[in-house]
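Dear colleague,

I am handing over the structure we spoke about, with the sequence alongside.

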Amino acid sequence: MKIVDAKVVVTSPGRNFVTLQLTTDEGITGLGDATLNGRELSVVSYLQDHVVPLLLGTDAHRIEDTWQSLYRGAYWRRGPVTMAAIAAVDVALWDIKAKVAGLPLYQLLGGASRDRVRTYGHANGASIPELFDSVRALLEQGYQSIRIQTGVPGLKAVYGVHASGAHAANPTRLDQRVLPAVEDWDTGAYLRHIPSVFEAVRNEFGPDLPLLHDAHHRLTPIQAARLGRSLEPYDLFWLEDCTPAENQDGLRLVREHTTTPLAIGEVFNTVFDYQTLVGEQLIDYVRSAVTHFGGVSPLRKLFDYAAQHQIKSAIHGPEDISPVGMAAAIHLDLAIHNFGIQEYSGHTDLTNEVFRHAYTFSDGHLHPGEAPGIGVELDAELAAAHPYQQAYLPTNRLQDGTVHDW
Ligand SMILES: [Mg+2]
């Protein structure tokens, strides 16, 4: 079975998504997500200009060989653009293989290890009352685990707090260009405020609700150690991305000072980014996305490595992972033994029309469905009706104007 066609589809049904569609000489199609938020078109070029010419005529069943030849053959390894492109090929080939088998992908990964996939949702509010409303709304939707993000007194716009009201940070428009929104930051104010937020949430919602928090790579190791320790009375499910992820050694210092569980890895692309963290058991959850880690094949290997150190999965799943990437994640979540939790925010109705999917969400849990393959179909006409829109992630500056990690 040969690959005879490979199309890269860019669509923006509210936000940008990049999808690779492979077709075989038997007329079977497979989809892979290649969305890299804020740098989408670089992956489009990587695929169209450099990968598609290599794929045409190759055996669609040779997933591992194709992966290795794209990874090793380019000489230039790793990095988010390269690994998003390879991920799209890997997932599209798994989609094809599972369709040929007439089975949902999770069956080819060993079958279900659980009945359903636990998720967490994102609650946020500029103030404590707004945050409580957001938590209540998620509980009504069925969520049973919740990430907590709030505004910080004195700061105008903070990561994870939805832009609303007078303090929203919006992208600016200059000539024909859209420039990133600029948020602001003060680590001292944040560290003083956050423990009181979790105290308030525990008092309102009780001791049993699993709570998560994302520091978005903004703290030094010693600051992160202080935060982890100050949050211990509130029994977090995890503290996420507490320090800049490039410095694996920094997590050692955090770990020495706190028993708050740690999660990291959404910006990682390969197992090499985890060697110290997993090998020395410095974290509790690995956070990489199928979409940015080279696909299902390498992420499965990472989870097997993590399992040797009692570390669990927590696949990255915000709105900028397309339903194609989300579907692949849910199949993997269902199949692996050391599943931890799945991030899930859902998509807009329009996005769900462009990408019709078999996976379902109820009672705070996902299931991939029983459709052969990953269970997603792309509506090409509707996708084409919503072309690419230039967009950036926000940037972040300290109050004196210094650029900070965002
Ligand atoms: Mg995060």
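The protein chain of this predicted model contains 13 helices and 19 strands. Its C-alpha trace extends over about 60 × 55 × 45 Å along the principal axes. When contacts between residues at least 6 apart in sequence are considered, 72% of them join residues that are at least 24 apart.

The chain is divided into two parts, domain 1 covering 3-104 and domain 2 covering 108-371, and the C-alpha centres of domain 1 and domain 2 are 26 Å from each other. To the contact between them domain 1 gives 30 residues and domain 2 gives 27 residues. On the side of domain 1 that touches domain 2, the elements that supply two or more residues are β2, β3, α2 (63-73) and α3 (80-101), and α3 provides the largest share, with 11 residues. Sorted by class, that side of domain 1 is made up of 17 nonpolar, seven polar and six charged residues.

Two of these elements, β2 and β3, also belong to an open sheet of three strands, which runs in the order β1-β2-β3 with antiparallel pairing. Its edge strands are β1 (3-11) and β3, each of which pairs on one side only, and from one strand to the next the twist averages 20°. Two helices pack on this sheet. Helix α1 (residues 40-55) touches β1 and β2, and its direction makes about 175° with that of β1, whereas α3 touches β2 and β3 and has a direction at about 145° to that of β3.

Within the sheet, the pairing of strand β2 (residues 17-24) with β3 is antiparallel and extends over five bridges. Across this pair Thr 19 stands opposite Asp 33 in β3, and Leu 20 stands opposite Gly 32 in β3. As a general point, side chains in a regular strand alternate between the two faces of the sheet. The two strands β2 and β3 make a hairpin with four residues between them, and in the turn Gly 27 has a positive phi of about 80°. Although β3 is an edge strand, four of the five residues of strand β3 (residues 29-33) are buried, so β3 is largely enclosed by the rest of the structure.

Leu 236 is placed in the loop between α7 (221-230) and β10 (238-240), and it counts as buried because it has 20 C-beta neighbours inside 10 Å, where 20 or more is the requirement. Apart from neighbours within four places in sequence, Leu 236 is in contact with Leu 211, Leu 212, His 213, Leu 231, Thr 260 and Pro 261. By contrast, Leu 236 and Val 296, which are 60 residues apart in sequence, have C-alpha atoms 29 Å apart in space.

Asp 241 lies in the loop between β10 and α8 (250-257). Its phi is near 45°, a positive value in a residue other than glycine, and with 23 C-beta neighbours inside 10 Å Asp 241 counts as buried.

Thr 276 belongs to helix α9 (residues 275-279) and counts as partly exposed because it has 16 C-beta neighbours inside 10 Å. If residues up to four places away in sequence are not counted, Thr 276 touches Gln 248, Asp 249 and Leu 282. Thr 276 and Gln 248 are 28 residues apart along the chain, and 6.4 Å separates their C-alpha atoms.

Gln 281 lies in the loop between α9 and β12 (285-286). Although Gln 281 is not a glycine, it has a positive phi of about 55°, and with 13 other C-beta atoms within 10 Å Gln 281 is partly exposed.

With best regards

Key
Residues numbered from 1 in each chain as written. Predicted model: local features only at pLDDT ≥ 70, side-chain atom pairs only at ≥ 80, totals over all residues. Buried ≥ 20, exposed ≤ 12 C-beta atoms within 10 Å, placed from the backbone. Pairing = 2+ DSSP bridges. Contact = placed C-beta atoms within 7 Å. Domains from an automatic or database assignment. Nonpolar A, V, L, I, M, F, W, Y, C, P; charged D, E, K, R; others polar. Axes fitted to C-alpha atoms, helices over the stretch in contact; angles between N-to-C directions.
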